[in-house]
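Let's take a friendly walk through a protein model, from a sheet and its helices to one residue in another helix. Keep the sequence and the 3D view open as you read.

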Amino acid sequence: MNDRNITRAFVVETPSVPGNLGKVATAIGFSGGDIGEVETVQVGPTSTLRTFTVHCDHEEQLKQIQEAIRELGGGIRLHAVSDDVLRAHEGGKIHMTSRFDVRSLADLRRVYTPGVANVCRVIEEEPEKARLYTSIGNTVAIVTDGTAILGLGDIGPVAGMPVMEGKAALFDRFVGISGIPILLSSQDPDEMVRTVKTISPGFGGILLEDIGSPRCFEIEERLKNELDIPVMHDDQHGTAVVTLAAVISAARSVGVDLKDAVVGQIGLGAAGLACCRMYMAYGVPKVIGADKSDAAKKRLQQHGGEPVDSVEELLKQSDIVVATTGVPGLIQEKWVRDGHIILALSNPKPEIEPEAAQSAGAAYAADGRSVNNILGFPGIFRGVLNARSSEISHEMLVAAAEAIADQTKPGELVPHPLNSRVHQVVAQAVETVAQTEK
Ligand SMILES: NC(=O)c1ccc[n+]([C@@H]2O[C@H](COP(=O)([O-])OP(=O)(O)OC[C@H]3O[C@@H](n4cnc5c(N)ncnc54)[C@H](O)[C@@H]3O)[C@@H](O)[C@H]2O)c1
Ligand SMILES: O=C(O)C[C@H](O)C(=O)O
Ligand SMILES: [Mg+2]
């Protein structure tokens with residue numbers, strides 16, 4: 001399937017006569033739309049109302065599909081075209097709920113005053129009991145300043161909130177952690193560090209998200225040093241873990257030993273530099289990198305990688321190519337060599353569509369929807385919180401990457417993120433390393 005940027009729900013009424021469903025489906029398909037679900041909303045003696053979820057590439061195609069349905073005639077009527085994704089976001093995606101059902105006066109006295117005062121005293125006397133008697137040990141702050149929201153760039157923290165709510169929803173769904181978005185209205189590293197430290201007592205860990213480079217490096221480093229709870233910048237290390245897992249799986253599939261491979265990284269920002277550091281630490285002998293910023297290339301050099309002058313040159317020299325630039329279409333098909341492994345990880349759109357890379361000769365190709373840090377951050381935090389570890393070490397990250405690679409089925413690069421076993425296995429791998437490091 002091509003990249004489908006637009007998803008809409010078409011509400012269509014047809015006379016209840018056999019063949020009409022087929023006519024609508026054909027009109028959508030011939031105009032280039034992919035049909036997802038078809039839901040029958042109402043069946044009456046004379047007419048039937050259905051909702052067709054349709055994926056298509058661009059607005060023009062969307063108009064063509066609407067026209068094609070309207071032209072069908074014969075009593076077929078298009079009632080509405082609604083944006084399901086936007087609708088699903090109405091009211092936000094997350095909500096704080098109570099684990100205690102307050103129904104009676106006795107409940108009230110237990111949950112709240114006066115019962116709660118004794119619990120406060122217990123914690124005052126033994127602060128570590130907060131882990132037992134509050135939600136702090138199971139709560140992670142998802143902190144952003146909105147400067148590198150996906151590949152959309154510096155769109156501000158409020159516009160980035162849907163991403164943060166999405167990460168919170170995934171924390172809850174996969175590993176039962178409460179993720180609380182924290183939106184910072186400052187981009188000043190000193191103020192950001194101070195603010196996160198000030199609010200840190202309420203959290204068991206800090207996930208930094210979509211904070212642009214190079215500020216993200218300093219902010220993460222300082223918070224790691226100054227806080228005694230685990231801190232991880234997802235776009236750096238979550239991405240590096242999942243990318244290493246994909247690189248390990250790809251190398252296994254094509255029979256390449258990573259100890260002989262050249263890995264090329266395009267985009268040496270938050271995600272790219274961390275990926276390079278991970279490949280090198282894992283034993284890849286030659287890691288080359290391209291970036292439009294000289295400062296970013298210099299940083300790669302300081303970490304032991306080799307900058308190259310252009311994206312084209314990088315593709316010439318690499319066996320495995322990973323891109324995290326936020327620039328859709330940056331990799332041209334003519335640069336792809338037979339047997340290349342290409343991971344174009346930028347969201348929401350990749351540097352090259354996987355289908356295009358594969359038809360140009362790539363042995364394996366994937367984008368940022370499948371090779372995504374969703375496979376890493378939930379299990380990593382579950383593991384460290386279980387172990388009550390105060391930090392996330394490099395060894396834990398490598399264990400997480402290997403666990404993900406080991407869960408990958410032959411022929412795939414990474415496991416499916418909805419396979420909840422993967423998150424449990426990552427958590428166990430991280431917890432095991434954390435226990436040995438104590
Ligand atoms: N799939 C995933 O799990 C995942 C995880 C993290 C980030 N990403 C994606 O990676 C992209 C970058 O994220 P980031 O947090 O690293 O951002 P960033 O701003 O820190 O880094 C982007 C880097 O790309 C470089 N760049 C931009 N245009 C370029 C070009 N034309 N040629 C060469 N280099 C160029 C920039 O100079 C910068 O160093 C985003 O699109 C994001 O969605 C994906
Ligand atoms: O949010 C995602 O889908 C992955 C990653 O954190 C990104 O910034 O692209
Ligand atoms: Mg991100």
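A strand here is a DSSP run of type E with at least two residues, numbered from the N terminus, and two strands pair if DSSP finds at least two bridges between them. Keep in mind that the model you are looking at is predicted.

**The sheet**

With that in hand, look at strand β1, residues 6-15, which runs antiparallel to β4 and is joined to β4 by five bridges.

Now zoom out: four strands make an open sheet, in the order β2-β3-β1-β4, with antiparallel pairing.

| Helix | Residues | Strands | Angle |
|---|---|---|---|
| α1 | 20-30 | touches β1, β2 and β3 (47-56) | about 20° with β3 |
| α2 | 59-70 | lies across β1, β3 and β4 | about 5° to β1 |

**A residue in another helix**

Next, find M278 in helix α11, which covers residues 270-281. Is M278 buried or exposed? Its relative accessibility is 4%, and buried means under 20%, so M278 counts as buried.

Leaving aside residues up to four places away in sequence, M278 touches A240, V241, L244, H394, L397 and V398. M278 and L244 are 34 residues apart along the chain, and their C-alpha atoms are separated by 7.1 Å.

Note on methods: Residues are numbered from 1 along each chain as its sequence is written. Chains are lettered from A and ligands numbered from 1 in the order in which they are written. This is a predicted model: local features need pLDDT of at least 70, side-chain atom pairs count only at pLDDT 80 or more; totals for chains, interfaces and linings use all residues. Side-chain values use heavy atoms; hydrogens and water are left out. Contact means heavy atoms within 4.5 Å. Axes are lines fitted to C-alpha atoms, for helices over the stretch in contact, and angles run from 0 to 180 degrees between N-to-C directions. Buried means under 20% relative accessible area, exposed over 50%, partly exposed in between (1.4 Å probe, protein chains only).
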